[in-house]
Amino acid sequence: MGLKKTPLGTAGEWLWGPDEMRWRRTFSGRPDQTASARDFAAALFAGTACVDVVKFVVSELTANTIRHTRTCQDGGWFGLELVYDDPAYIAVVDNGGGGIPTVKPPVDLMATSGRGLYLVSQLAYRMGIEGSPELGHKVWIEFGLDKPIDDPFGWPASAVS
């Protein structure tokens, strides 16, 4: 029994073909959904050097949207978009509200809050923040598939995990 070839090639050739792999999924705006989003993204990037970057970025962006927007209100949701390519891409969309996400250098690197978007920005080739408090936001990042999180910018791994 051999592999069946179609005009698209074998299943493996189609699955790992030259086109980017893109996924979108929505999650309810509950705090426990940060772990669900992180696990979903980690499964899609399993085996890559950047899987810890993916987990960190998804955790940070989804926690921010739940904490700072209308996402956590009744009926709220957030969206996660992932692209497996080089560069890889992660975007989180929210329901708006609150202020505009802003990247600020942290005052205290050991603080327990207020440094997440800055740390995310340090992992990025490119990063963007789009939208408005009225319409919702999209925060996105592009980074290398070969980018591990250990010592990403000269800080101890414990500062970003």
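This is a predicted model: local features need pLDDT of at least 70, side-chain atom pairs count only at pLDDT 80 or more; totals for chains, interfaces and linings use all residues.
Is Arg24 buried or exposed in this model? Arg24 is exposed, with a relative accessible area of 67%, where exposed means over 50%, buried under 20% and partly exposed in between, computed with a 1.4 Å probe on protein chains only. Residues are numbered from 1 along each chain as its sequence is written, and side-chain values use heavy atoms, with hydrogens and water left out.

Let me stay with Arg24, which forms a salt bridge with Glu81, the closest N and O atoms being 3.3 Å apart; a salt bridge here is a side-chain nitrogen of Lys or Arg within 4 Å of a carboxyl oxygen of Asp or Glu. This pair links distant parts of the chain, with Arg24 in strand 1 and Glu81 in strand 2, 57 residues apart, where helices (H or I, at least four residues) and strands (E, at least two) are DSSP runs numbered from the N terminus. Glu81, in turn, is buried, with a relative accessible area of 7%. The structure holds 7 salt bridges, and another of them joins Lys55 and Asp52 at 3.4 Å, N to O. Both of these residues lie in helix 3, 3 residues apart, about one turn of the helix. Salt bridges that share partners also join Glu20, Arg22, Arg24 and Glu81 into one network.

Turning to the aromatic rings, we count rings of Phe, Tyr and Trp (its six-membered ring) as a pair if their centres lie within 6.5 Å, with planes under 30 degrees apart called stacked, over 60 edge-to-face and the rest tilted. By this rule the count comes to 4 aromatic pairs. One of them is the edge-to-face pair of Phe27 and Phe40, at 6.4 Å centre to centre and 65 degrees between the planes. It links strand 1 (residues 21-28), which holds Phe27, to helix 2 (residues 33-44), which holds Phe40, across 13 residues. Phe27 is buried, with a relative accessible area of 3%, and ring pairs link Phe27, Phe40 and Phe78 into a cluster.

Finally, a word on the backbone: the peptide bond from Asp86 to Pro87 is cis, with omega near 15 degrees, and Pro87 sits in the loop between strand 2 (77-84) and strand 3 (88-93).
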